[in-house]
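Me: I am new to this structure. Please pick one part and take me through it closely, in plain terms and with the cut-offs stated.

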Amino acid sequence: NPTKDKIFINTEQFINRVEVYDPNGRIVEEFFDEQDIEFINLKRLSKGFYILKLISQYHIENIRIIKN
């Protein structure tokens, strides 16, 4: 699932927070919204491997991504 800049989030849950972690476990980006987050822009990040933590009111999911 490589990406260049934008990641679209399509889920049945309302995602109101996304945290982006580098391979060392440091948070490098955070996105907040009172409503549902539909996409995030990773343009400022360097190429490499990252973990997205999608957070809703009742669920947390981690997704691995590759930024090209």
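Reply: The part to look at is the hairpin formed by strand 3 and strand 4, which has 5 residues between the two strands. In the turn, G25 has a positive phi of about 85 degrees. Strands here are DSSP runs of E, at least two residues long, numbered from the N terminus. This is a predicted model, in which local features need pLDDT of at least 70 and side-chain atom pairs count only at pLDDT 80 or more, while totals for chains, interfaces and linings use all residues. Residues are numbered from 1 along each chain as its sequence is written, and side-chain values use heavy atoms, with hydrogens and water left out.

Strand 3 covers residues 15–21, and strand 4 covers residues 27–32. The two pair in the antiparallel sense over 5 bridges (strands pair if DSSP finds at least two bridges between them). Within this pairing, R17 has F32 of strand 4 as its bridge partner.

Strand 3 is also joined to strand 6, residues 48–56, by 6 bridges, and these strands again run antiparallel. Here V20 is bridged to L52 of strand 6.

Strand 3 is mostly covered, with 5 of its 7 residues buried (buried is under 20% relative accessible area, exposed over 50%, partly exposed in between, with a 1.4 Å probe and protein chains only). The largest nonpolar core has 14 residues, and those with the most contacts inside it are I9, V18, V20, F31, I40, L42 and L52. Such a core is a set of buried Ala, Val, Leu, Ile, Met, Phe, Trp, Tyr and Cys residues joined through side-chain atoms within 4.5 Å. Strand 3 and strand 6 are the elements that give two or more residues to this core.

F31 touches N16, R17, V18 and V20, and also I37, I40, N41 and L42, leaving aside residues up to four places away in sequence. Contact means heavy atoms within 4.5 Å.

F8 lies in strand 2 (residues 6–8) and F39 in strand 5 (residues 39–41), so the pair ties together parts that are 31 residues apart in sequence. F8 is exposed, at 64% relative accessible area, and F39 is partly exposed, at 40%.

Note on methods: Helices (H or I, at least four residues) and strands (E, at least two) are DSSP runs, numbered from the N terminus.
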